[in-house]
Amino acid sequence: MPLRRTLSERIQEIEISAIKEQLKIAVEDKKIISLGPGEPDYESPKHVIAAMKKYLDRGYTHYSPIEGRKELLEEISRKLKRENKIRVNPNQIVVTCGASEAILMSLMTTVDPGEQVLVPDPGFICYRPMTELLNGQAISYPLLHDNNFSITYEDLKKSAREPKRLRAIIFNTPSNPLGKVHRKKELEELADFVREYDLLIISDEAYENFVYNGKHVSVGSLNGMKNHVITLGTFSKSFGMAGFRVGFAAGTKKVIDAMRNLHLYTTLCAPTISQMGAFSALKERKKSKAFIKKNVNEYDKRRKFVCKRLEEIGGFDCNIPEGAFYAFPKFNFKMSSVEFSKWLMRNAKVAVVPGSDFGFYGDGHVRVSYATDFDLIKKAFNRIEKAVKKLK
Ligand SMILES: Cc1ncc(COP(=O)(O)O)c(C=O)c1O
């Protein structure tokens, strides 16, 4: 006899994004060039891998403390002080299975069912479903192409229609999918807004090192923000360590203590060997700095190329991306972004991600990732150019 009911309502209500289907086809069909990747195309640093091998031989195969290994917590605390101007003690940090787990734990520890969370729209695909899985309500704050994806105090206020139910805002700079680097002035307006509405900021800084124009500023470093911000980081992007699943959350002792309790009942701890890799990445600073610089310089070249080609091909209007490794052009062809992505896949054999996957305001755009081999990017744009001629 089949079960009367197998799946929870919660899981049945989750929207399945088009990205999954598109990228699956792109992997299966070898003729397709994928401009879809959400992770760097380079391998983890050699010095990190070498250190991890040594740690494995020395038996680092057991659970770690729930909050993470002491030496890693100390290194993250130093890094936050040095690079992000955020002063937190090691006991105000928890090591997580990537920034993904840090986002989930931040929401679980701070948002009650029925409470609202402001999410960037377009924004990283996890924010809305994670909030909704916890029976919170995700409310979009629009990041509009015509405003160069900027935020202002006034616009945030407009999104906060039910201030009493509002609990937190998720903020992401540099942004996936926009490539936007929010300026200090915008962060100050955000800080004014959260002070007035007594909100928490979940600050996702996964791409902090990928900045080509301007400067990355952590909102947690602004005056008076200490008690309002949970800062999230990851080793997935800067160090090309996505498969190791290691990131962190840093905040007030109260929030981090709560996360530690939660960790015990969920994943228990981030993988020990990955934590030792993360520790080596931070400890061997000179080598890591050179590694990041080399990769960011290479991505900058690709970024400029992508912008140039979009302009030359025509039919696209692209705010110049200043960070992360994505461009988010608006296209001027009479199709939805899902239709246009499918059309490109069929006619150019190039996979991009439909902008609507990242929220209502993403429609009319596509996300183009340049975390792909440069020669393939060049080839992909030649194909796009040829295909798009048919639409003009
Ligand atoms: C903005 C953003 N935050 C978080 C993550 C998750 O990263 P992690 O591998 O650390 O879980 C991603 C991954 O693409 C991302 O784009």
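**A loop and its surroundings**

Pro177 sits in the loop between strand E5 (166-172) and helix H8 (184-197). Helices (H or I, at least four residues) and strands (E, at least two) are DSSP runs, numbered from the N terminus. The model is predicted: local features need pLDDT of at least 70, side-chain atom pairs count only at pLDDT 80 or more, and totals for chains, interfaces and linings use all residues. Residues are numbered from 1 along each chain as its sequence is written, and side-chain values use heavy atoms, with hydrogens and water left out.

The peptide bond from Asn176 to Pro177 is cis, with omega near 15 degrees.

Now turn to the ligand. It is surrounded by 15 residues, and the closest are Ala99, Ser100, Asp204, Thr234 and Lys237. To be counted, a residue needs a heavy atom within 4 Å of the molecule. Asp204 places a side-chain N or O atom 2.5 Å from a nitrogen atom of the ligand.

Which domain holds the loop? The assignment gives domain 2 as 58-284, and domain 1 as 9-44 + 288-391. These bounds come from an automatic or database domain assignment. The domain centres, taken over C-alpha atoms, are 25 Å apart.

The two domains touch. 38 residues of domain 1 are in contact with 38 residues of domain 2; contact means heavy atoms within 4.5 Å. About 3200 Å² is buried between them, with 59% from carbon and sulfur atoms. Asn319, Glu322 and Tyr361 supply 22% of the area that domain 1 buries against domain 2, more than any other three residues. Buried area is the accessible area (1.4 Å probe) that two parts lose on being put together, summed over both.

Polar links cross this interface too. The rule finds 20 residue pairs in polar contact there, both at pLDDT 80 or more. On the domain 1 side, helix H1 (9-12), helix H11 (285-313) and strand E10 (326-327) each give two or more residues. H11 gives the most, with seven. That side divides into 20 nonpolar, eight polar and 10 charged residues. Here Ala, Val, Leu, Ile, Met, Phe, Trp, Tyr, Cys and Pro count as nonpolar, Asp, Glu, Lys and Arg as charged, and the others, Gly among them, as polar.

Salt bridges come next. The term means a side-chain nitrogen of Lys or Arg within 4 Å of a carboxyl oxygen of Asp or Glu. There are two between the domains. Lys330 pairs with Asp146 in a salt bridge, the closest N and O atoms being 3.8 Å apart. The whole structure has 29 salt bridges. One of Asp155 and Lys158 has its closest N and O atoms 3.6 Å apart. Those two residues are separated by about one helical turn, because they are three residues apart in helix H7 (residues 153-159).

Last, back to the backbone. A cis peptide bond also joins Asp121 and Pro122, with omega about 0 degrees. Pro122 lies in the loop between strand E3 (116-121) and helix H6 (127-133).

Technical notes
A polar contact is a pair of N or O atoms within 3.5 Å; within protein, one must be able to donate a hydrogen and the other to accept it, and residues adjacent in sequence count only if both atoms are side-chain atoms.
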